[in-house]
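Biologist: Can you put the model up? I'd like to go through a few contacts with you.

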Amino acid sequence: MPLWLFTFLAVIAIVGAFGVILQRSPVHCLLALALTLVDVGVLFVGLGAVTLGFLQIIIYVGAIMVLFLFVIWLLNLQSEAKPNGHLALKFFGSIGAAALAAELSVFFFSAQPISRVTSTPSGYGSVEDLARMLFSDYLVAFEVTSILLLAALAGAIALARRVPGAALLRAPAEIQRAARPGSTVR
Amino acid sequence: MTTPIGYFMALSAVLFAIGVAGMLIRRNVIVMFMSIELMLNAVNLAFVALGRRVGSMDGQVIVFFVMTVAAAEAAVGLAIIISLFRSRETLNADELNLLRW
Amino acid sequence: MAIDLLIGAVKAIVIVVMVLNLAGLLLWFERKGSALIQDRVGANRAAVFGLGQRLGLPNLGLMNTLLADPIKLFTKEDFVPDGADRFLHGLAPFLALFPVLVTFAVVPIGDVLEIGSRSINLQAASLNVSALYVLATLGIGVYGVALGGWASNNRWALLGAIRASAQMISYEIAMGLAIIAVVIAYGTLDLQQICRIQGGVWFGWLPRWGILIQPVSFILLLTSGMAESKRVPFDLPEGESELVAGYFTEYSGGKQAVFMMTDFAEIVLVAVLITLFFFGGWQVPWLYRDGFRFPGGAHLALPNVVVAIAQIIAFWLKTVVFCWLQILVRWTLPRFRYDQLMRLGWKGLVPLGLANLVVTAFVVVAIGAK
Amino acid sequence: MTQSFPALGLIVLFPALGLLFNLFWGQRAGRPAVSFVAPAMIFLSFAVALWGLARLLALPAGSALGFTLWRWIEAGPFHADIALRFDALSAVMTLVVTGVGAVIHVYSVGYMADDEDYARYFTYMNLFELAMLVLVLADNLLLMFIGWEGVGLCSYLLIAFWYGNPQFAYSGRKAFIVNRIGDAGFILGILVIVGALAANGVWTLTFAGMHAHAVLLRPVAVSAGLLLFLGATGKSAQIPLYVWLPDAMVGPTPVSALIHAATMVTAGVYMIARLNFLFTLGPEAMRVVAIIGALTSFFAATVAIVQSDIKRVLAYSTISQIGYMMLGVGVGAFAAGIFHLMTHAFFKGLLFLCAGSVIHALGGEQDMNRMGGLRHKLPTTWVTMLVATLAISGVPPFAGFFSKDLILESAYTSGHIWLWLLGVITAGLTAFYMFRLLFMTFHGQSRVAPDTAHHVHESPPVMTIPLIVLAVLSAVGGLVGLPNGVLWGDAFKRFLAPVVEGTAARALTHPETIGAVGAILSAIAIAAALIGITLAWVLYLRNPDLPETLAERMRGLYRIVARKYYVDEIYDLIITRPLFWGSTYVLQRGVDSLVIDGIVDGTGFTVEESGEGLRKLETGNVQHYAFVYLLGVLMIAAYYIYLVMR
């Protein structure tokens, strides 16, 4: 893909990413994330992974993010109050992240002269290719994934159901408070 | 001119780092979760880019699997968050310290 | 180069304009249609200095719909409730409309049109995975509604938004299944290609249309499509009798106009998809690139331009028919209850779609069709 | 030489099927189904075995049928298969196991009719048949060992069949543990053989292979032979490991008949015969076998004289008879040993079944002092019992005579005069105690407890028919081994010869003694038997109060013998108690509680204390962990960059 387009998309992606971690309202974060995801999807398309790009948008943006949205609604999350404390952690965390970014980029650039792109076969990234890979070399992984999804489904339902044992998650202090007569536990 | 793959890698590195930062500096569990998704996507980008470079589909297939796993992970993770919220009535990572000594 | 860009721009503009006009027209359709069904007169007030009456023409209320209402809407106060998220509140309607419009980018309105030496593919963006593209854009469509409802800080709106997004997610699955089955049957994801395949005839006279190959998918797509566009009988998100106006309770003026536009654009979209997948898209029965070949061997040669125009007209006619079908349904059926809605979606359409998918796959493999 | 015969698989398959059926559907299918399937499977195996025999006889002498089911173990050059071998020796064994087994299965249907654990019983029985067939058909030593262990397990399961009674359960454990000691010897023997062969680059445990490389085994012949013989003493209840067999009588009587008389306990003899090429290389080992055999037979016979429990008498008699077989194989007359094994399977199985019939009739009574005069009440049982007793006493022309005579003759002619003498005396004793048993049970006036007396009844046909079948076999079974020169003389011996008296065994074969010496020896044996019989008649029919006076006269000796020479007590004293003491005071109190617990607790303590210190790091805040994690990632990435940059 042309450099200008890449630059444009990269800028959007980074802006979106920062939007995720800097905004206070979870919904705004979510929107920013969705933006980034769409953007990454477009990048995929630009890299020749056409199918994957659209799959990315369908699965991530169309499904997973909406799931997040539901949860946010369900818990009725308002924007956080003023960020409190942990300044040290935030400071060093940001520095660490920046260092990581620097290291990785350096690594990627210095690893090898990555500039040249080997010519990709025709139909590269098409549904046919992907399907052929999935159902030949990666068949087992594919089947296992289906089982994983099933398990996740059951697990999610089991977890999110209202269970009386939920009190187990409370801190010991609270449990004691609960045990004390005439006390009310939120 | 066409973009060198290295740029894509660099971008994925930056996105990943941003995700890490979000993981570290945000208090809200859901947002931390989103940061994780962000990291996943950064890695996906790297996969696709490298796969493109060596001209093989394996990178894409792996990304495909990553997406599936991410879907499962999101479902379970969010379910956990819900039940967590039900019992603690907060999503502030500071107050969710059951692992505390 | 430049000319290509120009052509591309023209195609895009043409399609968008067509869609928007059709959406506007549908509003009128709806009004008069509902009046017809309910044995009313319908919109018949506004007139330009009563010209029509002077000429003794009946007032079809076109003025109301196409002129008066838009002016009214866009001149109204743009009201944002207190405590609402201004940014999202403003963004939402366009977030809703945008995906629907961009979907039309891959809709082929005709075969190739030859002007001089250059042949123009009558499809704004020729994409070889356009079916996926459609699914993707539909997936994004949820956000506008959801955020619109959430951002307006109103319980009814939020309820409407939740209903809407849940409903759309659920029915997207059925829709996706339907489309996938069709795609398997045709062996391609390219809408233009799908239309081309539907050319030609069986037994010398029967147009080779998808409805004959995938009837079940047709039912699925029609139903889930109407659910996607949140129309009666699936209009719980905006059920007047329950939630004032659902997710756009707090909208007024231009933004609400955009939402309504979205509604009608979605109707058009569903109609277009049905046309494309099941009714030959721009195919005119027995019309080929070089003219008509009627059953019985009669051959009527036509210039390419005529053919292209015929195809475009045919395409839009079919679309209109299906728009009308939806409106008919809307004014005929009562509204579901929400649990009924979900049951229909998850226990009715999804299993049906899966079964259809399996059968299709088996058949395709069996007859070795590519 | 070895011809492939896939049907061999069926022989083992049928019991396996029966096993599965009884195991999984036995309870649901109900008794009729079980009592049909379980015996039917064994009969099928028997039929297939007959087929195999026919095939075998058609082939030139010394050839064998073989069938490899699948490759079992494969380790480098070594490999062991699940392979079956059906030569003369295993043919005899298979026929005995399946034939007698089938008959006893039928008998069990009647005997166990009113037991609530019907299906479980037949599950065990079929499992035993399976294991036993694997043992006898095994083509290599390892597979044989599998069968060896399998029959041991079944023996344990069936002895302790009525595990409700702790005494029975104890007997089961005793049998199991004693057998383990023997099996340890067996394993060591196998290892010695493997070592000897592998040292010379020969990687095989198949009998054919070992036979072919017998030369390599010469240096280890004695040690391997003795170790394997230890295994044999365990399984076949020889001195010093015979103690489990008398206690094993607490199991159901058909089990005693099948496992602890006819088949399993003779496995040791079979094993020695099967490995004859090895034993013949170690004359010392052979001599040990012979001596142990003779001593056991004599010793057990003496004990049997004074036992009053009918099944215990038979148990000791079994021990004694197996001693005979050991004597036979010990003096190199493998064919004679196997011959006696076969005949013994007939008449001893029959004896047990008769005893079972009597016990059945008396409602569980086993003490001969409360029997007597049953002759008229149980006619069939009496007749068959009489046949069996004559057979075991070595009265011609019954089966026992020929086999026992052959053994004694071989012992004599192979130069073991003393062992021969011992054998003759034992023959007399055998006749004595067997007729004592017969008289005390069926003759004289009834001493049956009055309350049981009136409903004493002959057993149902399902039990008596097996008796008759076995009685016929006991009567005529010996004729296959007529002495040399008489009619088809020595047919049995010649049939087995190629297997058991191959190249190496030639050294021990002796000129066939027909005529004078043989006749004299036989006469002596018969005389001994007759003396024993008359003695028993005098003591237990003529004047029944004489035995008491005799017992009074030599009280000490009587008590010693009656208490089985206090062997159990001695074992208890010199083995069990020290073991318990050691494990209690040294191992438990000392090693376990001090050393091991000390180490364990110490570890726990250390971890706990260090954890106390470390857990202060655990803030419980995910993000702190994440941060540390990040630092680690940074370092790793930095290291890689360093690698790349360099």
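Modeller: We can take a helix pair, a chain interface and a sheet in turn. Keep in mind that this is a predicted model.

Biologist: Start with chain C. At what angle do the axes of α6 and α7 cross?

Modeller: Helix α6 (residues 142-151) and helix α7 (residues 155-186) of chain C cross at roughly 160 degrees, and their axes come within 7 Å. That angle makes α6(C) roughly antiparallel to α7(C), because over 145 degrees counts as roughly antiparallel.

Biologist: Left-handed or right-handed crossing?

Modeller: α6(C) passes α7(C) in a left-handed crossing.

Biologist: Which residues make the contact?

Modeller: On α6(C), C:V142, C:V145, C:A146, C:G148, C:G149 and C:W150. The α7(C) side consists of C:A157, C:L158, C:G160, C:A161, C:A164, C:S165, C:M168 and C:I169.

Biologist: And how many of them are nonpolar, polar or charged?

Modeller: The contact of α6(C) with α7(C) has 10 nonpolar and four polar residues, with no charged ones.

Biologist: Switching to chains A and B. How many residues are in contact?

Modeller: On chain B there are 68, in contact with 79 residues of chain A.

Biologist: Which elements of chain B give two or more residues to that side?

Modeller: Those are α1 (5-25), α2 (29-54) and α3 (58-88) of chain B. The largest share comes from α3(B), with 25 residues.

Biologist: What is the breakdown by class there?

Modeller: The side of chain B that touches chain A has 48 nonpolar residues, 12 polar and eight charged.

Biologist: Now the sheet in chain D. What is the strand order?

Modeller: The order is β1-β2-β3, in an open sheet of three strands with mixed pairing. β1 (2-4) and β3 (78-86) of chain D each have a single partner strand, so one side of each is left without a neighbour in the sheet. From one strand to the next, the twist averages 50 degrees.

Biologist: Which pair is parallel, and which is antiparallel?

Modeller: β1(D) pairs with strand β2 (residues 64-75) of chain D in the parallel sense, over three bridges. D:S4 stands opposite D:G66 of β2(D). The antiparallel pair is β2(D) with β3(D), over nine bridges. D:W70 has D:I82 in β3(D) as its bridge partner.

Biologist: How many residues sit between the strands in the hairpin of β2(D) and β3(D)?

Modeller: Two residues, and D:G76 takes a positive phi near 60 degrees in that hairpin.

Methods:
Residues are numbered from 1 along each chain as its sequence is written. Chains are lettered from A and ligands numbered from 1 in the order in which they are written. This is a predicted model: local features need pLDDT of at least 70, side-chain atom pairs count only at pLDDT 80 or more; totals for chains, interfaces and linings use all residues. Axes are lines fitted to C-alpha atoms, for helices over the stretch in contact, and angles run from 0 to 180 degrees between N-to-C directions. Helices (H or I, at least four residues) and strands (E, at least two) are DSSP runs, numbered from the N terminus. Angles under 35 degrees count as roughly parallel, over 145 as roughly antiparallel, 65 to 115 as roughly perpendicular and the rest as oblique. A crossing is left-handed if the near helix is turned anticlockwise from the far one by less than a right angle, and right-handed if clockwise. Two residues are in contact if their C-beta atoms, placed from the backbone, lie within 7 Å. Ala, Val, Leu, Ile, Met, Phe, Trp, Tyr, Cys and Pro count as nonpolar, Asp, Glu, Lys and Arg as charged, and the others, Gly among them, as polar. Two strands pair if DSSP finds at least two bridges between them.
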